[in-house]
Amino acid sequence: MKKLLLVLAVVVLYVLHQDIWFWRSSRLVFGFIPIGLFYQGCFSVAAALLMWLLVTYAWPSHLEQEVEETDTREDAR
């Protein structure tokens with residue numbers, strides 16, 4: 001279930017990255033940041049958090065075990 005939610009989060013973030021709704025907007029956030037730039041900043045934070053979640057919960061641990069086993073064999077020589 002966790003992996004399905006993570007895949008869904010990646011798809012949602014991919015769709016949200018296509019921010020066509022702010023292309024023609026001249027609104028400012030906090031009085032000086034264009035809304036498109038603010039959106040991209042928030043998107044970057046969300047992408048970083050999603051990458052942290054992916055590394056934490058979906059990282060293939062068997063790859064690390066293979067590397068550790070290889071290092072152990074090389075150290076024994």
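**Exercise 1.** In which loop is the place of D19? Find it, then check its surroundings.

*Solution.* A bit of bookkeeping first. This is a predicted model, where local features need pLDDT of at least 70 and side-chain atom pairs 80 or more, while totals for chains, interfaces and linings use all residues. Residues are numbered from 1 along each chain as its sequence is written, and side-chain values use heavy atoms, leaving out hydrogens and water.

- Step 1: D19 sits in the loop between α1 (2-17) and β1 (28-29). Helices (H or I, at least four residues) and strands (E, at least two) are DSSP runs, numbered from the N terminus.
- Step 2: D19 is buried (under 20% relative accessible area; exposed is over 50%, partly exposed in between, with a 1.4 Å probe and protein chains only).
- Step 3: D19 has no salt bridge (a side-chain nitrogen of Lys or Arg within 4 Å of a carboxyl oxygen of Asp or Glu). The nearest side chain of opposite charge, R27, is 11 Å away.
- Step 4: Skip the neighbours within four places in sequence, and D19 is in contact with Y39 and Q40 (heavy atoms within 4.5 Å).

**Exercise 2.** Work out how the rings of W21 and Y39 are arranged.

*Solution.* 

- Step 1: The structure holds 3 aromatic pairs. Rings of Phe, Tyr and Trp (its six-membered ring) pair if their centres lie within 6.5 Å; planes under 30 degrees apart are stacked, over 60 edge-to-face, and the rest tilted.
- Step 2: For W21 and Y39 the centres are 6.0 Å apart and the planes at 85 degrees, so this pair is edge-to-face.
- Step 3: W21 lies in the loop between α1 and β1, and Y39 in helix α2 (residues 35-58), so the pair ties together parts 18 residues apart in sequence.
- Step 4: Now the cover: W21 is partly exposed at 44% relative accessibility, whereas Y39 is buried at 16%.

**Exercise 3.** Look up the backbone and exposure of F30.

*Solution.* 

- Step 1: F30 is in the loop between β1 and β2 (33-34).
- Step 2: Its phi is positive, about 60 degrees, although F30 is not a glycine.
- Step 3: F30 is exposed, with a relative accessible area of 63%.

**Exercise 4.** Zoom out and describe the whole chain.

*Solution.* 

- Step 1: The chain has 3 helices and 2 strands, in the order α-β-β-α-α.
- Step 2: Its C-alpha atoms fill a box of roughly 65 × 30 × 15 Å along the principal axes.
- Step 3: Of the 77 residues, 13% count as buried.

How values were computed
Lys, Arg positive; Asp, Glu negative; His and termini not counted.
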